[in-house]
Amino acid sequence: MYGNDFAPPEDAPGGGLLGEVEAAEAALREAAARARRGAPAPDEDVEAYFTDVIDADQKIEPRDWMPEAYRKTLIRQIAQHAHSEIIGMQPEGNWISRAPSLKRKAILLAKVQDEAGHGLYLYAAAETLGISRDELVDLLLDGRQKYSSIFNYPTLTWADVGAIGWLVDGAAIVNQVPLCRCSYGPYARAMIRVCKEESFHQRQGYEILHTLAHGTEAQKAMAQDAVDRWWYPSLAMFGPPDGDSTHSAQSMAWKIKRFSNDELRQRFVDMCVGQAEVLGLRIPDPDLRWNEERQAYDYTQPDYAELMRVIKGNGPCNRERMTHRQRAHADGAWVREAAAAYAAKRAERKAVAA
Amino acid sequence: MTGQSSPLWEVFVRARRGLSHTHVGSLHAPDAELALRNARDLYTRRQEGVSIWVVPASAITASSPDEKDAFFDPAADKVYRHPTFYEVPDGVSHL
Amino acid sequence: MTTVFDFTLGLGDDALIAAQRLGEWTTRAPEMEEDIALANIALDQLGAARLLLTYAGELEGAGRDEDALAYLRDDREFRNCLLVELPNGDFAVTVAKLFFLAAWQLPLYTALAGCADERLAAIGAKARKESAYHLDHASLWMRRLGDGTDESHRRAQDAVDQVWPYVHELFVAAPAAPVDPATLRADVDATVAAVLDEATLTRPETGWTPGGGRDGLHTEHLSYLLAEMQVLHRAHPGATW
C-alpha cells in the first residue's frame, strides 16, 4: 500500500483497477515490441537520447544514462513506497492473532505477507538505481526517509482491518495504478505485479465490511466506527491540495507522475460513494453531494494540518511503528550475522577443498 | 542484511513446462541455499511445478542496457490471493 | 483408547496452535525474507488445521465446525502437544520448535497418506509435502545457527536443550489410532541426529519428559494464547464474520 502522504509533497498518479493494470502491462509489452531505439550512437548526446526514449513511451532501464535528478527522485519515491509496505504490515498484523474466524485469519496472514513481498520487490527496484537495501533500511530506521503517514493510525477493532482494505488499499490503488506506466522499467514492472496482488486486498477489506454491515447491530456499529475514523486519513493519503503542493512539472515530464493529488483524490471519492451505499455505511461527510456541473462529488477536505502533524512524527502511532521496526531489526542482528558467518565458513571450506 | 550487505542474487523462474527460465527480479541472501528458498517464497509464493535459478548478481556480465523482465501469475493454490475469490455484491463498481 | 476423533482433533490442534505461534512472528522476523517464510509455514499449518478440525467436527457429529472447535473450547479441551504452545522465545527457540515438530509431522503425515481413512489419507498427502518444506527450512536454519557465530551456537544449543524434553510427548503410543505415533520414533531420531550433527549441536540426555497435552493438561501458556485468539469471536456469540 502506498499513499502520497509523505514529507515533501510528492507526486501521485491516478487509476482505475485491475483492467487498467492489465492495460498498462499490455502497453509495456507493446512499447517493448515496437521498433525501438537501440543504444545511443557514440557521438549522440545522451540527454537527448534519454528524452527521446521517454517521449517514445519506452522504458528507461537500469544501465541507461539518466539525469541525476531523475535517479534521485525515483530512489526517494520507490524507497518511500517500499518502507510503506513494510511499516504498513504492522496495523493489520495487529489483528492476525485475534482474527474472528480461521478463514479470516488465513486471509489476513496472506495479505500481510504480501505486503512484505511488495516491500521486497520495491527495494529490489530501487537497488537497480545504485543504492543498496542496507542504505535504504538505515534511512528508514533513523527517520531520514518517511513512509506513508496513514500507518500511524491505530487499528482499534476488527472492522479497521476491513476499512484499511477498502479505503486505504483503495486509495493506494488509485495512486499506484498509474505508476504501472512509469517511465522507469523496473518500477513499472514491480508496480504491475504489486497492483495485481493488491486488488485481492481491497476486495477482502470490502467483503469484511460488507459482512459486518449486514451482521449484528454491534458488528454494524463497529463497521461504521471504522469508516468514520479512516475516511479522512484516507483522503489525506493523496497529499496536500494542488495549490500547496510543490509537485514538479518535472516528474510529469519524466512520466513518473501523471495526475495531480486533487485529481486522484476526486477520483477516489467518486469511486467510494457508490460502494458505501452498497455497504449500507455512511461516509462521514455531511457536505458530500453530487455536483451536476462538475460531474463529480463535492466533498469536505481532510484536515491538512493534522496530516502535517502526523508527517512530522506526532500521529497516534508514529513512535510505536518506528520502535517496532527498529526492535525487529536489532533483535535479528545475531541471526543475520550467523547466516553470514555460516556462508563465509562454507565458502572457505569449499575453497580449501578445491 | 546487517552492516555488510549479504550478496544480491538474480532470480530466474520457469513458470511452466515448455517455457524457458525468465528473469523475475532479485533478492539478498548470504548463500545460494538461502537465496533459493527465499526466491521460492518471494517470487512463486508456493506455486508448484516451477523451477528456479538463482545467480549471484556479481557473476553476471552485461552487454547492453536492454533487459526484458517478465511476470507470472501468483500461486494457484491459495485462492484467496486472487481477487475473484471475493464476493462483490451487485452494483459495486471500481473494486 | 484413542479414537479417530481424538487423533484427528489432536493433530488439528497441533497445527492450529503452531500456526498461531508462527503468526506472532509477522513483522518481527530477523530478516524480511524470513518474515515471508514463517508466514508461509504458518499458512500451511493453518490450512492443515482447518481440514483436520473440520473433519474432527464431522466425526464427532455434534454440529461443531472448524471455528466452533477453534474458538469455543477452553484450554482443558485442547488436545495439542505441549511443544507447539511453548512461547516463541528467540529465533533459535522458534527454529528448534519448528524443527522437532516438522521432523515428526513429516513421517506422521506420510504414514497418514497411506492409512485406510480416505479423508485423513488425503489430508496427509497434502500436508506431507508442506512438512517436507518446513523440515527443510528448519534444518537449514539449525545448521546456520549451530555453525554460525559463537553467539548463535550458544543460543541454538540453549534452544535445543530447552525444547527437547517436550519432544517425547509426540511418541505416546496410541495403537488404535490411524497412525500410532510410537512407530515414528526411529525415523524422527535419525533425522534429528543427522541435522544436529551437521549443525555442531548435541542432543541432550533424556531426563524430564513433560506431557499431558493429549489429555488436556497443558502448560500455563496455552490459556493466554487462547484468550487472545478467541477474544473477538467470543465477544459476539453467534455472529458471522
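User: What makes a stretch of chain count as a helix?

Analyst: A helix is a DSSP run of H or I with at least four residues, and helices are numbered from the N terminus. In this predicted model, Phe5(C) has its place in helix α1 of chain C.

User: What does Phe5(C) touch, leaving out residues up to four places away in sequence?

Analyst: Phe5(C) touches Ala56(C), Leu59(C) and Glu60(C). Contact here means heavy atoms within 4.5 Å. Along the sequence, Phe5(C) and Gly57(C) are 52 residues apart, while in space their C-alpha atoms are 8.2 Å apart.

User: Why is the pair Asp147(C) and Arg346(A) called a salt bridge?

Analyst: The rule asks for a side-chain nitrogen of Lys or Arg within 4 Å of a carboxyl oxygen of Asp or Glu. Between Asp147(C) and Arg346(A), the closest N and O atoms are 3.8 Å apart. That value lies within 4 Å, so the pair counts as a salt bridge. Across the interface of chain C and chain A, the rule finds five salt bridges.

User: Which helix gives the most to the side of chain C that touches chain A?

Analyst: α2(C) gives the most, with eleven residues.

User: How do you know how much area is buried between chain C and chain A?

Analyst: The size of an interface is often given as the accessible area lost when the parts come together. For chain C and chain A the buried area is about 4,100 Å², and carbon and sulfur atoms give 66% of it. In chain C, Thr27(C), Met32(C) and Trp241(C) lose the most area to chain A, together 20% of what that side buries. In terms of contact, 46 residues of chain C meet 47 residues of chain A.

User: Why are β1 and β2 of chain B called paired strands?

Analyst: Two strands pair if DSSP finds at least two bridges between them.

User: What makes β2 and β3 of chain B edge strands?

Analyst: The open sheet has three strands in the order β2-β1-β3. β2 (22-28) and β3 (51-56) each have a single partner strand, so one side of each is left without a neighbour in the sheet. On average, neighbouring strands of this sheet are turned by 30° against each other, direction ignored.

Notes
Residues are numbered from 1 along each chain as its sequence is written. Chains are lettered from A and ligands numbered from 1 in the order in which they are written. This is a predicted model: local features need pLDDT of at least 70, side-chain atom pairs count only at pLDDT 80 or more; totals for chains, interfaces and linings use all residues. Side-chain values use heavy atoms; hydrogens and water are left out. Helices (H or I, at least four residues) and strands (E, at least two) are DSSP runs, numbered from the N terminus. Axes are lines fitted to C-alpha atoms, for helices over the stretch in contact, and angles run from 0 to 180 degrees between N-to-C directions. Buried area is the accessible area (1.4 Å probe) that two parts lose on being put together, summed over both.
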